[in-house]
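Me: I would like to learn how to read a few features of a structural model, taking them one at a time. Please give me the general idea for each and then the case at hand.

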Amino acid sequence: MLWRALLSRLGISLVTLWVVSVLIFIGTNLLPGDVAQIILGQMATPESTAALRAKLGLDKPPYLQYVVWLQNVAMGDLGISKAGLGAGLGTPIVEILEPRIFNTLRLTGLVTVIVIPISLFLGLIAAMHPGTRLDRAVTFSTLSLISVPDFLVATMLVLIFAVFLGWFPAIVYLRGDETGWVLIKTLAMPILTLVIVASSQIIRMTRATVLNVMSSPYIEMAILKGVPRKRIILRHALFNAVGPIVNVIALNLAWLVGGVVVVEQIFSYPGLAKLMVEGVLMRDLPLVQACAMIFCVTYIVLIFIADMATILSNPRLRHPK
Amino acid sequence: MSDTPTPQNTNSAIQFDELPDAPPKRKIKLSLLGKIGVVVLIFWAIVVAIGPMIAPYHEADILDEELFIVPGSDEMYPDTDFQPPSKIVLLGSDYLGRDTLSRILFGARTTIGISFIATTLAYLLGVLLGIAAAVGSKRLDMILSRLNDALLSIPSIMFALVMIAALGSTIPLLILLTGIIYATSVFRIARSLGQEVMVSDFVEAARVRGEGLWWIITREILPNIAMPLATDFGLRFVWVILFISALSFLGLGVQPPMSDWGSMVKENLPGLIYGSVAPIMPALAIATLTISVNMIVDDISAHTGGKLAKRMIA
Amino acid sequence: MKEVKTFQQMYRDGHVSRREFLAAMGALGVTAATAGSLLTSASALAGTPTRGGSVIFASNLHGPDDTLDPLLGTSTIDYTRSNASRNGLIQIWDDMSLNAELAEEWSVNSNATEYTFKIRKGVTFHDGSELTAEDVVWSMERHLGEDSPSSIKSFFTNVTEWKAVDKYTVKLSLSSPDADMPYKLTQPQAKIVKANATDWLTAGSGPYLVDSFQAGVKSTHSRNPNYWRDTGQWLDGIEITAITDMNARLNALLAGSVDMITSISPKQIQKIEESGNNVLSVPAGLYGGICCLKNTAPGENDDLVQGLRYIQDRERIVRKFLKGHGTLGNDHPINVSYGADHCHELPQIPYDPEKAKYHLNKSGYSEAELFVAPVTGIIEDVCLLMQANLKKIGFNLKLKKVPSDGYWGAVWMKEPLNVVSWNMRPTANSMMGIQFGPNGNWNDTFWNSDRMGELLKDSLAETDAAKRHEMHCEMQKLVSTQSGIIIPYHTNVLDAHNPKVQGFSNVPLGQFGGNQWMEHIWKNA
Amino acid sequence: MSILLEVDHLKISARKDDDNLTPIVKGVSFNVARGEVIALIGESGSGKTTIALAALGYTKPGLEFTGGQVRLEGEDVITMASDQLRALRGQRVAYLAQSAAATFNPALTIGEQVTESCVLHGILNQEQANERAEFLYRALELPDPDRLGKRYPHQVSGGQLQRLMAATALCGKPDLLVLDEPTTALDVTTQIEVLKAFKSVIKQEGSAAIYVTHDLSVVAQIADHIVVLYAGEVQEHGSAEQVVSHPGHDYTRRLMHAVRPPPGAGQGEETSSEHHREAPALEVKDIVAGYGKTQNGIPSITVLRDVNVSIERGHTVGVIGESGCGKSTLARVMAGLLPAAQGKVLLDGETLKPALQRRSRGELQKVQFVFQMADTALNPRQRIDHILGRPLEFYLGLKGKEKRRRIGELLQMVELPQEFAGRYPEELSGGQKQRVNLARALAASPEVLLCDEVISALDSIVGANVIELLKRLRKQTGVSFVFISHDLSTVASFADEIVVLYAGRVVEKGATDAVLSPPYHPYTRLLISSVPELRVGWLEETMQTQEAQAGIDRVVTLTDTGCPFFDRCPLAIKDTCDRETAPARQLGAGHTIECHRSEAEFVH
């Protein structure tokens with residue numbers, strides 16, 4: 001039963017991935033302008049354009065282009081970026097991606113490490129004392145934070161911490177060899193922004209889910225058994241709230257990888273989202289496709305993991321009759 | 001002799017009437033925060049209706065320098081941009097020397113209007129397809145669900161970015177894109193609500209009666225999922241406002257000189273370092289609107305037992 | 001002589017260029033010789049150079065298409081890197097004069113069709129090999145041919161061949177006369193790199209080595225210990241990056257995260273100065289403008305264009321949008337920064353809504369659509385002001401905002417009314433020629449005038465200063481009355497830096513003094 | 001006997017949103033002595049559970065104490081601080097909830113949950129607690145006691161969970177047990193088993209108990225004293241013997257009246273034969289049905305096998321069996337909601353299409369389905385007149401005045417006031433909703449009504465009234481009924497014929513009298529003997545009998561071969577019953593028993 005559930009989720013993920021690849025291919029090919037012409041820029045002539053089109057395989061019918069592209073992607077070959085292509089060199093996208101992925105993962109990782117304990121703690125505290133001042137403070141502040149645009153949060157934080165207080169640098173400027181405290185300090189502003197935005201959602205979801213579980217009969221039973229509040233939350237409620245919480249964490253992680261354009265833009269952080277925006281601006285189709293694939297794969301993998309966690313946390317599936 | 005008075009035993013019926021099944025459902029009563037939310041919401045609704053009429057200036061008007069001349073001063077060309085609130089400009093002026101208040105009043109129609117239409121579109125699409133998936137064949141459900149999953153997996157800002165880069169920035173496209181992007185989450189909710197209602201006894205009763213699909217959808221299912229969907233509409237509306245603001249922030253919003261709140265924040269950000277209120281005011285407008293909608297939704301979903309919250313991520 | 005003093009102060013503050021200063025002095029009747037003695041070098045005013053330290057330079061734009069190949073350069077960050085690590089044959093100095101760089105000296109034949117360059121001996125690339133004529137020929141030949149990826153290959157369409165006469169002599173043959181060729185060779189794309197280069201990191205001979213390079217992220221540079229000349233090279237190291245968001249860029253400077261930021265907005269100047277940082281404002285010929293295509297409606301209607309000229313509130317634009325860091329535009333590109341070629345006799349077109357109304361009424365149009373993209377600083381604001389002012393006189397100008405990406409391919413030179421931005425060219429001739437000449441690559445208002453062609457050709461050959469000035473005046477008058485270009489303003493090159501960093505020049509051809517600051521700036525400890 | 005718990009003028013109210021208090025419990029007083037079982041009896045809304053929970057110093061969310069005291073050994077639990085309460089709960093007073101399936105945390109092992117309370121209170125350490133739990137498992141006759149603690153709640157059956165609930169409560173040796181309808185959700189055969197276990201353990205442990213129920217017959221078996229509650233007030237209070245045999249109060253008598261006599265011969269009602277015709281009104285032949293993919297006519301989860309039932313015109317056929325036996329599935333096959341994998345459904349002798357989508361409107365009209373839960377079967381967003389009007393419009397094409405008139409008639413038929421037409425379902429009580437549910441089915445003027453457990457969700461008095469209504473309607477309309485229920489007494493009092501289902505097979509069928517009198521199928525006998533009788537001492541008597549052994553609760557398994565009842569049957573013949581399909585023995589007119597044993601061997 002467990003394996004069946006896992007396999008069916010895996011199947012669904014793979015199908016979704018395939019649909020995603022088709023959508024991305026169609027979507028990016030909608031971008032205006034002939035790629036070849038864009039690469040050649042204002043110097044394009046009919047002959048050179050045709051030659052480049054042939055070189056890039058753009059003279060083939062779209063479905064063939066798709067098949068070739070999918071094959072290459074599956075083999076880990078994400079194509080050649082327009083960057084430097086004119087000189088006959090080109091840059092393999094993998095090379096461009098590598099440092100960006102590293103940066104994105106580093107930021108996401110640091111944010112996650114901070115966000116998860118904080119949000120779980122605050123969410124649980126709020127759920128443990130519903131209706132109290134603490135709960136209302138948490139509820140109201142998270143509600144407010146998810147209601148304001150993230151660029152405002154980011155800008156206010158910069159003004160306070162970087163410009164007025166001067167504690168942290170206003171933008172991320174990485175030398176590449178930072179470690180430990182220096183690294184944290186350098187990344188402080190984006191981390192702070194993302195922590196605030198992401199944790200608000202997780203706190204709310206944790207609180208809501210735990211409260212929802214708290215209204216179930218087995219929690220009432222635990223109360224009537226004289227189980228202390230702390231144990232009720234941590235042992236009885238949390239276990240059953242794992243599914244939704246893991247899910248919202250997964251969604252937030254996916255957002256951290258691909259959805260933080262505004263934040264990366266404001267802090268000039270060389271992450272993946274910013275790379276994709278730059279790719280769109282340059283009409284660098286292979287680059288846009290590669291980034292989009294990475295985001296979608298991340299999303300699908302994270303959701304798959306969350307589903308796994310949900311399935312595994314369900315004793316019915318873990319311990320069949 | 002119990003739940004109805006029958007002729008034989010009217011006397012005892014009075015004494016031992018059938019006890020009510022459950023206390024009558026509590027009517028939704030808003031908390032103080034919820035009430036504040038409603039007041040703010042009504043305020044913005046009025047602004048949408050009559051904002052441009054009560055605005056002191058037109059949204060495109062760049063105020064003349066003469067307006068700002070302080071009597072007695074020999075400064076002939078006083079600054080007009082990023083002016084603090086005064087009698088001339090109640091909420092200050094923006095980076096070009098336009099009246100912030102007027103632009104917020106005009107912008108309410110743009111921002112709320114676009115978001116509202118986009119959310120409505122998302123609902124039309126999402127509910128239609130979601131219910132189709134819920135009541136339709138397994139194969140249809142599979143196709144729609146996978147397509148939906150795929151769309152969901154693409155970061156929405158990226159999706160919008162590529163499409164706007166591809167097709168140009170126009171209001172109809174903005175609405176269509178936002179509608180499609182948010183239809184994905186509406187789809188999931190409508191589908192799960194639809195599936196829930198679909199297996200309920202009263203739908204089964206209608207099926208046993210021989211009712212057609214259309215009747216079942218419109219008379220049995222829709223009325224029963226209307227309330228949770230309406231609540232969710234509020235939340236979705238907030239996200240759409242934030243999303244469109246983010247797009248505006250990235251420069252993909254409406255055409256100048258039309259004002260929308262998101263672009264207003266962006267274009268006036270340079271004033272922030274001078275302590276200008278120009279970027280703060282539209283941000284506050286967004287925040288008051290979104291927070292108030294969220295407060296109302298929060299209140300309502302507190303009464304529906306957090307079911308909603310569970311679906312939000314489902 | 002109050003005016004002289006004022007100008008002196010303006011020059012020191014960087015509000016006027018040397019050229020402008022000299023021109024202004026001329027206008028005031030001060031002779032050139034006297035003017036020269038009034039002028040003190042910017043560096044001398046700033047203080048004494050010190051060795052050591054490093055700076056972080058933040059440009060306004062970068063991305064995965066950043067390149068170390070000079071020929072592909074398209075942005076400030078590419079030019080900056082190019083100047084840091086490579087040399088050209090010829091370079092432009094502070095006073096817009098041509099000076100020897102890798103070419104020790106050069107000569108030209110009488111009809112300007114053959115140039116001979118003497119290459120400096122003993123120059124080595126960063127990998128230690130010697131720079132010779134062969135490298136020059138290889139580097140320059142890459143600009144030739146239709147398939148060349150060079151972004152300035154159109155400059156060299158008249159090149160017949162580059163030839164190494166001996167190890168240190170190069171000969172250039174042209175198919176048609178070109179007196180501006182030396183200026184073209186000062187372009188950042190025309191740097192000399194090692195022949196058959198494969199490793200772009202060590203392919204240059206410039207003052208700073210490339211230690212690391214990540215496109216769209218940053219590059220790091222350290223002093224070239226074997227540099228062939230002594231221009232200071234005060235800094236130990238340079239880091240070059242970009243911050244795309246204008247506010248983020250400013251915040252970075254204010255917070256001390258970077259030392260130099262390019263392309264600041266005039267609105268930010270007050271804050272920068274309050275914060276104790278310095279603004280470098282170099283008057284220049286660069287401008288933003290509106291193109292009305294003359295070959296199609298509505299731009300073909302002279303009255304419409306004339307009406308749009310009168311509706312430009314030029315004074316307010318310079319006063320308010322540029323905060324004074326710019327000059328009034330007179331609907332032709334050649335402003336005072338071009339020195340003697342600028343026609344100061346031409347009357348300044350005023351803001352006159354009545355005349356605008358008259359012309360627009362006469363044109364028969366009551367509305368039009370203008371394509372706007374944020375291609376340069378305040379162009380959007382200018383269009384919004386124009387729109388608001390047109391509204392007052394009953395003309396409905398619709399603004400169609402489009403993204404700046406793809407703008408040059410999809411909108412510019414295609415839509416009837418669009419916006420444009422032009423960088424300053426080294427000479428008035430090259431500027432006029434490229435935009436309005438009969439063979440101009442980018443005749444973006446599709447205005448063709450035989451007289452213009454004649455004047456361009458003749459002025460290039462004219463040696464008499466007065467006559468040349470007269471010809472330029474005629475050209476400027478033609479452009480400002482007959483072409484479809486509307487130029488309301490010229491903006492200064494605006495940059496900002498930490499006050500510890502000093503020694504910037506005033507070359508108006510790029511950021512921080514023509515993008516060639518690295519050799520002679522220093523940072524006080 | 002010393003007094004353990006004193007409930008003294010207890011008042012509990014519900015706080016509404018507008019801060020008004022609605023009294024729920026209106027000054028209730030009673031005492032519980034040590035070692036004594038007090039039953040709180042009443043219908044839903046009487047406040048019995050609320051009072052019981054007060055013994056733990058607990059109120060459900062939204063309720064609050066507004067007066068009186070609940071003294072445990074002289075100490076008022078209402079005013080206790082939360083620490084004291086925590087110490088009290090689980091240690092001195094333990095609670096057993098109605099639905100063990102919901103009150104066990106699905107994520108934790110049974111062992112942890114059983115021992116949690118006493119370990120937390122420091123009564124025992126984990127090891128001792130485990131031992132104690134194991135001891136209790138044995139005492140409660142739970143299978144596999146050594147390993148039970150390591151299993152999860154979903155891995156054991158409902159009846160076992162209910163007993164595990166008792167183990168949880170008893171683990172800390174509390175002074176007082178509060179049992180809240182602990183057997184209501186169980187099948188009769190399981191209920192008797194659990195009751196038995198409770199009773200003996202309570203006796204062994206010597207603890208006092210408050211037993212909350214609506215079922216007088218259950219109370220009679222277990223309680224020493226009975227407190228009868230109505231609308232938050234005590235109606236009668238006395239010893240079990242006294243209340244059961246000499247009810248003093250009007251309401252108690254009405255409760256007694258609603259209890260149907262135990263099933264037996266001679267209860268079936270005579271239905272007039274004037275509606276008789278040749279062909280049965282509805283007939284199912286050789287039905288095989290189930291869920292999942294069907295291969296070779298066998299669904300992957302087969303629920304019904306070779307089922308034959310025929311409903312004569314104007315007759316009532318009762319279908320009886322434990323949960324999971326396939327009763328509802330049979331009704332769904334008849335209605336066409338679940339197309340059968342094999343077999344035929346005939347209406348008036350005409351074969352119906354298996355799926356309802358393919359049946360004609362006229363065919364659909366003739367067979368109407370009455371759903372079990374009126375709460376969910378009525379669309380909460382439709383007014384009663386819409387609910388009743390739709391079938392009138394749909395089948396009969398009635399409109400306007402004519403429709404309104406007919407709606408009025410229908411309401412009259414089900415004894416509801418006319419003004420209910422304008423109400424929404426949630427404004428009605430459970431019994432009223434069930435009447436609307438019936439009226440909707442009647443609106444179609446059907447020939448056959450399929451009633452699926454229509455009274456099992458109702459309180460006894462209300463349920464009894466609905467049965468009376470059904471009897472009247474049958475007389476008035478001559479409609480045939482298929483009456484599905486797990487409650488043999490109800491079926492016995494209403495049906496002409498009974499079909500006994502076990503694990504998807506018809507094990508016995510025939511006229512009501514024939515089925516309810518010997519010879520019995522062993523399973524029928526088990527069912528009959530499991531129905532509690534309303535007299536003190538019945539449980540003890542039944543515990544001695546052989547049948548009780550068969551009641552040992554096992555998961556009903558669907559078998560492909562042999563008799564499915566094999567592993568519970570006291571008369572099972574090894575190697576025969578588990579291998580060969582039981583033959584159908586004809587025992588007189590229409591009476592069939594499927595069993596390997598001969599008629600003579602059936603225990604009489």
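Me: How are α17(D) and α18(D) oriented to each other?

Reply: Two packed helices are described by the angle between their axes and the distance between the axes. Here helix α17 (residues 430–443) and helix α18 (residues 460–477) of chain D pack at about 25°, with 10 Å between their axes, and α17(D) and α18(D) are therefore roughly parallel. Angles under 35 degrees count as roughly parallel, over 145 as roughly antiparallel, 65 to 115 as roughly perpendicular and the rest as oblique; the axes are lines fitted to C-alpha atoms, for helices over the stretch in contact, and angles run from 0 to 180 degrees between N-to-C directions. Helices (H or I, at least four residues) and strands (E, at least two) are DSSP runs, numbered from the N terminus.

Reply: Before going on, note that this is a predicted model, in which local features need pLDDT of at least 70 and side-chain atom pairs count only at pLDDT 80 or more, while totals for chains, interfaces and linings use all residues. Residues are numbered from 1 along each chain as its sequence is written, and chains are lettered from A and ligands numbered from 1 in the order in which they are written.

Me: Which residues of α17(D) and α18(D) meet?

Reply: From α17(D), D:G430, D:G431, D:Q434 and D:R435 meet D:V462, D:N465, D:V466 and D:L469 of α18(D), where contact requires C-beta atoms, placed from the backbone, to lie within 7 Å. This contact is made up of three nonpolar, four polar and one charged residue; Ala, Val, Leu, Ile, Met, Phe, Trp, Tyr, Cys and Pro count as nonpolar, Asp, Glu, Lys and Arg as charged, and the others, Gly among them, as polar.

Me: What is the strand order of the open sheet of eight strands in chain D?

Reply: The order is β16-β17-β18-β13-β19-β20-β22-β21 (chain D), and the pairing is mixed; two strands pair if DSSP finds at least two bridges between them. At the edges stand β16 (367–370) and β21 (584–586) of chain D, each with a single partner strand, so one side of each has no neighbour in the sheet. From one strand to the next the twist averages 20°. Within the sheet, strands β13 (residues 316–320) and β18 (residues 480–485) of chain D run parallel and are joined by five bridges, with D:V317 standing opposite D:V482 in β18(D). Helix α17(D) packs on this sheet as well, touching β16 and β17 (448–452) of chain D, and its direction makes about 170° with that of β16(D). Helix α21 (residues 522–530) of chain D touches β13, β19 (497–502) and β20 (505–511) of chain D, and its direction makes about 105° with that of β19(D).

Me: How many strands does the open sheet in chain C have, and what is their order?

Reply: That sheet has seven strands, ordered β8-β9-β10-β1-β11-β19-β12 (chain C), again an open sheet with mixed pairing. Its edges are β8 (208–214) and β12 (278–282) of chain C, and each has a single partner strand, so one side of each is left without a neighbour in the sheet. Strand β1 (residues 54–59) of chain C runs parallel to β11(C), to which two bridges join it, and C:F57 stands opposite C:M260 in β11(C). Helix α8 (residues 246–254) of chain C lies across β1, β11 and β19 (493–497) of chain C, at about 160° to β11(C).

Technical notes: Contact = placed C-beta atoms within 7 Å.
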